[in-house]
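Here are my notes for you on this one. Have the sequence and the 3D view open while you go through the points.

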Amino acid sequence: MRAMLIVALSLWAGFAAADVTARPGWVVMETSKPYDQLVKDVLKAVKANKMGVVTQAGPTGAAKARGITIPGNRVIGVFNNTFAVRILALSTAAMIEAPVRLYVTETQSGATLSYKTPSLVFAPYMEESDPDLGVAASELDVIFKTIADAAAG
């Protein structure tokens, strides 16, 4: 039993050392909220901002089913049909980036909410697209910031 505890603590320490850090085009918001609460608050903020949860994925539940305990980790894909139709009309290739993802990670002091800004996500398609793609991405930047602020606050 003691050996299992040592392994679990070692895994936790290894994951904590790999916390998400700020990088160009990313928003990283550390919170003191428990992981499960931050996930719930993200889902609530997405709905409140008239966006939809398109996907959710993470290794935490599958690892637990295998008897492995890891910190909470969830990727939440967010978009809506209005933006999908609009962006598809501007760049077929750009739609591979939808949904834009929010990333919730459990830390030793709470949970972190991270995401790449839509402007960064759609940047590779700007030159080949109508300028409205940049406008749409900027509008999405505001929406994602609003979602993140509400969820993390």
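1. Before we start, a word on helix packing: the axis of a helix here is a line fitted to its C-alpha atoms over the stretch in contact, and the angle between two axes runs from 0 to 180 degrees between their N-to-C directions. Keep in mind, too, that this is a predicted model. With that in hand, look at helix α4 (residues 81-90) and helix α6 (residues 132-152): their axes lie 9 Å apart, and the packing angle is about 155°. Angles over 145 degrees count as roughly antiparallel, so that is the word for α4 and α6. The crossing of α4 past α6 is left-handed.

2. Now for who touches whom in that pair. From α4 come Phe83, Arg86, Ile87 and Leu90, while α6 brings Asp132, Leu133, Val135, Ala136, Glu139, Leu140 and Ile143. Sorted by class, this contact holds 8 nonpolar and 3 charged residues, with no polar ones.

3. Pick out isoleucine 87, which sits in helix α4. Is it buried or exposed? Its relative accessible area is 0%, and buried means under 20%, so isoleucine 87 is buried. Leaving out residues up to four places away in sequence, isoleucine 87 touches Phe79, Ala94, Met95, Phe122, Leu133, Ala136 and Leu140. Take alanine 136 from that list: isoleucine 87 is 49 residues away from alanine 136 along the chain, yet their C-alpha atoms are separated by 7.4 Å.

4. Helix α6 has another partner to look at, helix α2 (residues 35-48). Here the axes are 8 Å apart and the angle is about 140°, which makes α2 oblique to α6. This crossing, of α2 past α6, is right-handed. On the α2 side you will find Leu38, Asp41, Val42, Ala45 and Val46, and they meet Ile147, Ala150, Ala151 and Ala152 of α6. The contact comes to 8 nonpolar residues and 1 charged one, and no polar residue takes part.

5. Step back for the overall layout. The protein has 6 helices and 5 strands, and along the sequence they come in the order α-β-α-β-α-β-α-β-β-α-α. There are 153 residues, of which 37% count as buried. If you take the contacts with a sequence separation of 6 or more, 69% of them join residues 24 or more positions apart.

6. Next, a couple of residues around strand β5. Serine 114 is in β5 (residues 110-116), and it is buried because its relative accessibility is 0%. Beyond its neighbours within four places in sequence, serine 114 is in contact with Val20, Trp26, Val27, Val28, Arg101, Leu102 and Tyr103. Threonine 117 is in the loop between β5 and α5 (118-122). At 19% relative accessible area, threonine 117 still counts as buried, since the cut-off is under 20%. Its contacts, again leaving aside neighbours within four places, are Gly25, Val27 and Asp141.

7. Compare that with valine 53, in strand β2. Which class does valine 53 fall into, with a relative accessible area of 35%? Partly exposed is the answer. Valine 53 and valine 78 are 25 residues apart in sequence, but from C-alpha to C-alpha they are 4.8 Å apart in space.

8. Two backbone details deserve a look in the loops. Where is the cis peptide bond? It runs from alanine 98 to proline 99, with omega near 0°, and proline 99 belongs to the loop between α4 and β4 (100-107). Then there is lysine 50, in the loop between α2 and β2 (52-57). Its phi is near 55°, a positive value in a residue other than glycine. Lysine 50 is exposed, with a relative accessible area of 68%.

9. Last, a word on confidence. The average pLDDT of the protein is 90, and 88% of the residues score at least 70. Residues 1-17 are another matter: pLDDT stays under 50 there, and the model gives this stretch 9 contacts beyond four places in sequence. Where pLDDT is low, the predicted coordinates should not be read in detail.

Technical notes:
Residues numbered from 1 in each chain as written. Predicted model: local features only at pLDDT ≥ 70, side-chain atom pairs only at ≥ 80, totals over all residues. Heavy atoms only, no water. Helix = DSSP H or I, 4+ residues; strand = E, 2+ residues; numbered from the N terminus. Buried < 20%, exposed > 50% of the residue type's maximum accessible area, 1.4 Å probe, protein only. Contact = heavy atoms within 4.5 Å. pLDDT = per-residue confidence, 0-100. Parallel < 35°, antiparallel > 145°, perpendicular 65-115°, else oblique. Left-handed = near helix turned anticlockwise from the far one by under 90°. Nonpolar A, V, L, I, M, F, W, Y, C, P; charged D, E, K, R; others polar.
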